[in-house]
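Reader: I would like a close look at a single part of this model. Please keep the answer plain and connected.

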Amino acid sequence: MPKITVLPHAQLCPKGASFDVEPGVSICDALLDQHIDIEHACEKSCACTTCHVIVKQGFNSLAPSEEEEDDLLDKAWGLTSVSRLSCQALVAQADLTVEIPKYTINHAREHYDKDWDI
């Protein structure tokens, strides 16, 4: 069973995390199942970039992104060559290491959540 390692994120996962996950589950759902409350403003419908992650290890094991995801990723904060929308990236057989970027483009959170350092 593959393992996801989440690098520390100041608000969502301060100590980092590591857990096993079933293949075929989206990275977003895997994180949410572990109470890592990654944003997903569009409710995982590939319509925003708030669930953007950087796949530091295991990127090539993921199925290629589709054009719709690529178009959205162009708008993501901190985009890298190994960025994915976690709602679209399904875990395969390889272990993954993911980083949740410090910022998202979520105007509602930026304006109303005082706990985030934005």
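How many nonpolar, polar and charged residues does the lining of the largest pocket have?

Author: The model is predicted. By class, the lining of the largest pocket has four nonpolar, two polar and four charged residues. The residues in question are C46, A63, P64, S65, E66, E68, E69, R84, Q88 and L90. The volume of this pocket is about 180 Å³.

Two of the lining residues, E69 and R84, also meet each other through their side chains. They form a salt bridge, with N and O 2.8 Å apart. This pair links distant parts of the chain, since E69 sits in helix α2 (residues 67–73) and R84 in strand β4 (residues 83–85), 15 residues apart. E69 has a relative accessible area of 3% and is buried; R84, at 4%, is buried too. The cut-off for that word is a relative accessible area under 20%. As for the pairing itself, side chains of opposite charge can pair when their charged atoms come close.

The strand that carries R84 leads on to the sheet. β4 belongs to an open sheet of five strands in the order β2-β1-β5-β3-β4, with mixed pairing. β4 and β2 (17–20) stand at the edges with a single partner strand each, so one side of either strand has no neighbour in the sheet. From one strand to the next, the twist averages 30 degrees.

Further along that order, β3 and β5 run antiparallel and are joined by three bridges. Q57 stands opposite T97 in β5. A salt bridge is found here as well: K56 pairs with E99, and their closest N and O atoms are 3.3 Å apart. K56 lies in strand β3 and E99 in strand β5 (residues 96–99), so this contact ties together parts that are 43 residues apart in sequence. E99 is partly exposed, at 27% relative accessibility, whereas E69 in the pocket lining is buried.

The structure holds three salt bridges, and one of them joins D29 to K44, with 2.5 Å from N to O. D29 lies in helix α1 (residues 27–33) and K44 in the loop between α1 and β3 (52–57), so the pair ties together parts that are 15 residues apart in sequence. D29 is partly exposed, with a relative accessible area of 27%, and K44 is partly exposed at 34%.

To return to the pocket: its lining includes E69 and R84, whose side chains meet in a salt bridge.

How values were computed:
Residues numbered from 1 in each chain as written. Predicted model: local features only at pLDDT ≥ 70, side-chain atom pairs only at ≥ 80, totals over all residues. Heavy atoms only, no water. Salt bridge = Lys/Arg side-chain N within 4 Å of Asp/Glu carboxyl O. Helix = DSSP H or I, 4+ residues; strand = E, 2+ residues; numbered from the N terminus. Buried < 20%, exposed > 50% of the residue type's maximum accessible area, 1.4 Å probe, protein only. 1 Å grid on protein atoms, 1.4 Å probe; cavity = no way out; pocket = protein on both sides within 12 Å on 5 of 7 lines; lining within 4 Å. Points joined across faces, edges and corners; volume = space filled by probe spheres on them. Nonpolar A, V, L, I, M, F, W, Y, C, P; charged D, E, K, R; others polar. Pairing = 2+ DSSP bridges. Axes fitted to C-alpha atoms, helices over the stretch in contact; angles between N-to-C directions.
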